[in-house]
Amino acid sequence: MGLDLKPLLVREKTQLESFTNKVVAIDAYNAIYQFLAIIRGPEGLHLTDSQGRVTSHITGLLFRNINFLTMGIKPVYVFDGKPPSLKSAEIEKRKQIKKEATVKYEKAISAGDMEDARKYAQQTTSMRDGMVEDSKKLLDLFGIPHIQAPSEGEATAASLTITGQAFASASQDFDSILFGAKRLVRNFTNSGRRKLPNRNSYIEVLPEMIEFQKNLDSMGLTRQELVDTGILIGTDFNPDGFERVGPKTAIKMIKQHKRLEDIPQIQEQLEQIPFDQIRKIFLEPEVAKIDKIEFGETDYEGIVKYLSEERDFSKDRVETSMNRLKKSLEKKSQTLDQFF
DNA sequence: CAAGGATA
DNA sequence: TATCCTTGG
């Protein structure tokens, strides 16, 4: 599960419109994963093409990017590279959860409980061969740039906000803040409704902005202290955190003692944790250095062709959406022309 | 998730 | 017209 910084952060409601003309570095895995988890048929199975290849992530990317481009938002997708070796415990943990979810899914199916089936199917979500390639191919057709991070994608996304090449980084995970992202935007989508895990009740989910400096100020911490606070709570690199330490206790400890080494009550546990290496992952992350982010032209026909001919999307449906995008951009450039 | 038809 | 519900592949 990610890092539970939520209770400590100032999160401000925002809207997609305030990102017009801004470059936003999107955590590609995070976005694709979300699509894979949520875009499913009635029994919890993915959408697929006639060859049985999953297409849920492509559907998600198609419509979301149409919306971004329509609004003049400039998305840049950042893909994960090789995870730091310290992440292996967390990765193993996630695998185990998926394994258990698979069993529960099958049980729910044979019991005929479709609601449960869906729930557990979502938890089995995993990235398969080809999905990254599919996604990159679609982005290329859109003319949307994508960046390969050497290691954690969030680290590279954060660095783009620091160099000023991106206005914000978009992800659901709070790790971005430890990586120093100037702005993190969560729920970077415009559909407000999201169903609660349990019942058929819905809640409004709006984009929210988390500003780095504002948060350091409000917490009264330096970035180093924030990273130590994160380690106390538990990061992907020490997923279990510390016993009986949650967000509130963590920040209290750091405020009082400033650094992990100086908190008396955790010294025994601290010996088991490579905290210095974890600090380094967040404070001196390995990131891609990018000269200039280049946006290309959208190949409208190419997108229709790829999706309808190769992935069995309805040609009509894709065409309608692409035409709407084209029209809206033409209109925009016309009003701009009139201006000059 | 996002679109679009159904519904009131 | 605004919200609900189903569908997409």
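Which backbone nitrogen does the side chain of aspartate 49 reach, and at what distance? I opened my notebook with that one, keeping in mind that this is a predicted model.

**Entry 1: aspartate 49**

I found that the side chain of aspartate 49 reaches the backbone nitrogen of glutamine 51, at 3.0 Å. Next I looked up where the residue sits: aspartate 49 belongs to the loop between H1 and H2. Buried or exposed, I wondered about aspartate 49? Its relative accessible area is 5%, and because buried means under 20%, aspartate 49 counts as buried.

I then listed the contacts of aspartate 49, setting aside neighbours within four places in sequence, and got Thr55, Glu310, Arg311 and Asp312.

**Entry 2: aspartate 312 and H13**

I checked the backbone of aspartate 312 as well. This residue comes just after H13 and takes a positive phi of about 65 degrees. Going back into H13 itself, I noted these buried residues: Tyr300, Gly302, Ile303, Val304, Tyr306, Leu307 and Ser308.

**Entry 3: the largest nonpolar core**

Which members of the largest nonpolar core touch the most other members? I read off Leu62, Tyr77, Phe142, Phe188, Ile303, Leu307 and Met322, from a core of 41 residues. I also asked which elements give two or more residues to this core: they are strands E2 (23–27), E3 (74–79) and E5 (168–170), together with helices H1 (28–38), H2 (56–70), H5 (131–142), H13 (300–310) and H14 (315–339).

Not counting residues up to four places away in sequence, tyrosine 77 touches Ile26, Ala28, Leu61, Asn65, Phe68, Leu139, Ile144, Pro145, His146 and Ile147.

I looked up the volume of the second largest pocket and got about 610 Å³. Its lining has 20 residues, and the closest to the pocket centre are Leu69, Gly72, Ile73, Lys74 and Leu329. H2, E3 and H14 are the elements that give two or more residues to this lining. Which element gives the most to the lining? That is H14, with four residues. Sorted by class, I have ten nonpolar, seven polar and three charged residues in the lining of this pocket.

Note on methods:
Residues numbered from 1 in each chain as written. Chains lettered and ligands numbered in written order. Predicted model: local features only at pLDDT ≥ 70, side-chain atom pairs only at ≥ 80, totals over all residues. Heavy atoms only, no water. Core = buried A, V, L, I, M, F, W, Y, C linked by side-chain atoms within 4.5 Å. Buried < 20%, exposed > 50% of the residue type's maximum accessible area, 1.4 Å probe, protein only. Contact = heavy atoms within 4.5 Å. 1 Å grid on protein atoms, 1.4 Å probe; cavity = no way out; pocket = protein on both sides within 12 Å on 5 of 7 lines; lining within 4 Å. Points joined across faces, edges and corners; volume = space filled by probe spheres on them. Nonpolar A, V, L, I, M, F, W, Y, C, P; charged D, E, K, R; others polar. Polar contact = N/O pair within 3.5 Å; in protein donor to acceptor, adjacent residues only side chain to side chain.
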